[in-house]
Amino acid sequence: LLMNMNTKFGGIGVSTPRNKAIPASIISMKGTLNTIYNGVFLGPNRERFKLPDPITSLYADRENNPSTSFKIFNKYAPAIATLCTNNNSPESLSTFINNTSVHKCHEIINKQTSINLHHRVLNYLPNDSKHNIEEILDGKMGQGLMDLPRSDNDNRQSNRLFRFNLLRCLRMNIWETTEKLKCPLCNQNFDTKGDHLFQCNKLSKRIKTKMHDKWRDMWYKQMQTLIPYINLTDTTIEKEAKGLIRTIKNSKVRPFDTHFNLPLVSEDGHYRSRLSKIGFDMVTCNSDTCPSPSRGSDAKSNNIIASLISAEKSKFQRGRGSNTSRTDSSSQITLTGEQITGELLKNKMQLLPFAISPLGLFGPTINHFLYGTLPNSSYKTLHNIDQSKFPHASNMARQAFSKTPSNILERADSIWKSKKHNYHFGGSYRSPDPSTYYTQVFGRRVCLANGSAGLAAIHALYESNDGPISASSLDDNQITHLLLNTDGRTASQRSSSQSTTESSQPSSTFFVHTNSTT
């Protein structure tokens with residue numbers, strides 16, 4: 001089902017004739033009947049050319065025509081006409097044939113097909129994917145995989161990286177086994193779709209920093225073109241700048257990964273803000289597919305939105321719930337995270353946490369800045385920050401929605417469409433405008449940063465432990481670790497005489513050995 005869905009809705013856009021054949025046939029016949037009834041279209045300001053009677057007579061008495069094509073049309077056309085004209089009256093079929101454009105009909109059919117597939121995905125989604133459905137259907141990873149042109153080397157992925165990302169995007173098993181697995185590093189439950197690779201505390205120490213830095217560098221690069229394009233700054237974009245906390249001279253404190261200065265007077269006046277700077281702090285979260293045993297045997301996975309909000313909250317509070325303090329090494333001045341946030345507010349600097357999930361879903365704060373999307377609950381209570389303990393963090397979180405420019409990609413689209421161009425913004429017909437292009441770039445970064453982190457975690461897992469182990473093992477010390485095979489077989493495909501205590505191998509050691517490029 002995910003394979004058939006459009007890349008913007010979480011799939012990879014490989015359609016099946018089962019979804020398109022009948023509507024395509026009906027719309028094709030509709031175009032033919034329009035020509036028969038009204039004549040050949042010769043141009044917007046020219047009279048239609050009427051076809052001779054010997055041709056039009058072949059289509060007479062459509063309702064009773066024994067032709068198979070007409071039987072199919074008469075059976076399905078009324079329902080499709082109702083959908084395309086948004087009219088359930090008897091005249092809808094006539095309006096559909098004579099007045100509805102073919103292009104509009106295709107758009108409506110494609111949208112309705114996506115909606116139907118979306119509902120089917122929700123109904124058939126396995127239990128280990130229901131808690132992160134928003135992440136699965138977000139669409140960035142599919143766009144990063146399929147929509148960017150391969151003529152640009154930056155858009156190419158190695159074969160093993162592409163395969164890993166494809167399996168993750170389609171929620172297919174990376175480890176083909178029906179056994180319950182556990183991680184040999186942290187001894188917690190291990191899922192077959194790779195979510196635990198980003199959740200394991202032991203593995204995260206090896207992959208999180210590199211993943212964070214790749215996202216920081218990507219956003220820094222894209223800000224250099226996007227932010228000036230919408231006239232939100234007239235200075236250069238800065239990365240991990242020091243000296244922003246004015247109470248500490250020559251401080252090494254870097255409160256933002258990247259930031260830009262807002263102009264004192266905006267050129268076009270679209271955005272009006274009293275802020276002096278807007279800074280971003282990248283943070284990653286996990287999907288919580290395998291809850292920790294310390295939460296109880298019946299613990300349920302946290303929803304991915306809750307995980308993203310929790311990650312944002314940790315950045316606003318600068319201390320993960322505790323009012324911790326640090327001493328600046330250069331000035332020997334000690335400030336708590338809350339005091340640093342207070343200094344930022346005092347100098348009209350706004351922090352925006354840039355939270356990213358393993359499959360590329362963004363947190364509500366950065367979504368509001370980029371797309372203008374408001375959270376389901378009130379932003380005033382979204383992060384549930386205790387105002388009595390963290391008053392500055394609470395104010396900073398509220399200002400992220402109330403006093404910060406938002407929906408900047410739509411603004412970029414408006415600027416782009418206001419001028420005539422003979423080329424597409426992203427250099428491809430699949431990237432016609434800024435919002436589409438930048439979303440695809442985000443998807444590419446999901447594939448390259450998060451995907452590479454996942455492969456690195458798999459490599460680390462097999463480097464010393466030969467992968468996840470069976471949870472049914474009575475004694476971990478008695479587990480017979482297998483050497484990585486090279487024939488691509490899974491644990492379930494090996495000889496049944498082997499012990500069930502062997503570790504489950506991934507569906508292909510392709511992830512470990514292959515280095516060629518797609």
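Guide: Here is a short chat about ring pairs and charges over rings. This is a predicted model, where local features need pLDDT of at least 70, side-chain atom pairs count only at pLDDT 80 or more, and totals for chains, interfaces and linings use all residues. Residues are numbered from 1 along each chain as its sequence is written, and side-chain values use heavy atoms, with hydrogens and water left out.
Visitor: How many aromatic pairs are there?
Guide: The search of the whole structure turns up 17. Rings of Phe, Tyr and Trp (its six-membered ring) pair if their centres lie within 6.5 Å; planes under 30 degrees apart are stacked, over 60 edge-to-face, the rest tilted.
Visitor: What about Tyr 229 and Phe 425?
Guide: They're edge-to-face, 6.0 Å centre to centre with 65° between the planes. Tyr 229 is in helix α10 and Phe 425 in the loop between α15 and α16, so the pair ties together parts 196 residues apart in sequence. Helices here are DSSP runs (H or I, at least four residues), numbered from the N terminus.
Visitor: Switching topic, which ring does Lys 140 lie over?
Guide: Phe 362, at 4.1 Å from the ring centre. A charge sits over a ring if NZ of Lys or CZ of Arg is within 6 Å of the centre and within 35 degrees of the ring normal. Phe 362 also belongs to a cluster linked by ring pairs, including Trp 215 and Phe 442.

Note on methods: Helices (H or I, at least four residues) and strands (E, at least two) are DSSP runs, numbered from the N terminus.
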